[in-house]
Amino acid sequence: MKIPTTLKHKPVIVSENYSNIDGRSAYETDAQGLSLGLAQWNDRGRVDISAKVWRYTGEKWSRQSEELPIHRVLDLAILICRSKQYFNETAYRYDKMYQEENPNIDRIGLQGDAMTISVCTDNDKIDEDIKLFAEAFSRDDELLSERLHLLANLLREMGYGHGKRE
């Protein structure tokens, strides 16, 4: 399905077959495409790049299509990676899968400050929800790992990380 080019987000790079690879929803999703393009919130003289997930209801393009600034997409990738690492290497050490007295998982330096990553203890069902979350991470491990390995390889090829450039 062709991504629309007449809306405020102006696609430049697209993946129009995203519905075929949308994780556990592959072939049964309304997320039909991904694009990188010129953000819909651009003002005159300022151009930002954004990523967009295009949803199609079967009749029209959905208002639930999401557009994110590129840096937020990367911040989400950082959050996913650090969370996955926490559940793989640390959470099992605690009875409730987190330390009640210190729910912080990490602080990752960014832009002269840090992204604090922590278990959301304000959630009144956190003890139940964190177990469900961990089970979902575990259940989807193969799906996520395939993408993370690909991402790691692409980053190494681009010269990022500790590996040498090929």
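A residue is called buried under 20% relative accessible area, exposed over 50%, and partly exposed in between (1.4 Å probe, protein chains only). The model is predicted: local features need pLDDT of at least 70, side-chain atom pairs count only at pLDDT 80 or more, and totals for chains, interfaces and linings use all residues. Residues are numbered from 1 along each chain as its sequence is written, and side-chain values use heavy atoms, with hydrogens and water left out.

**Exercise 1.** Determine where Tyr 27 lies and whether Tyr 27 is buried or exposed.

*Solution.* Step 1: Tyr 27 belongs to the loop between S1 and S2; strands (E, at least two residues) are DSSP runs, numbered from the N terminus. Step 2: its relative accessible area is 64%, so Tyr 27 is exposed. Step 3: although not a glycine, Tyr 27 has a positive phi of about 70 degrees.

**Exercise 2.** Carry out the analysis for Gln 111.

*Solution.* Step 1: Gln 111 sits in the loop between strand S5 (104-110) and strand S6 (113-118). Step 2: with a relative accessible area of 84%, Gln 111 is exposed. Step 3: phi is positive, about 50 degrees, although Gln 111 is not a glycine.

Notes:
Helices (H or I, at least four residues) and strands (E, at least two) are DSSP runs, numbered from the N terminus.
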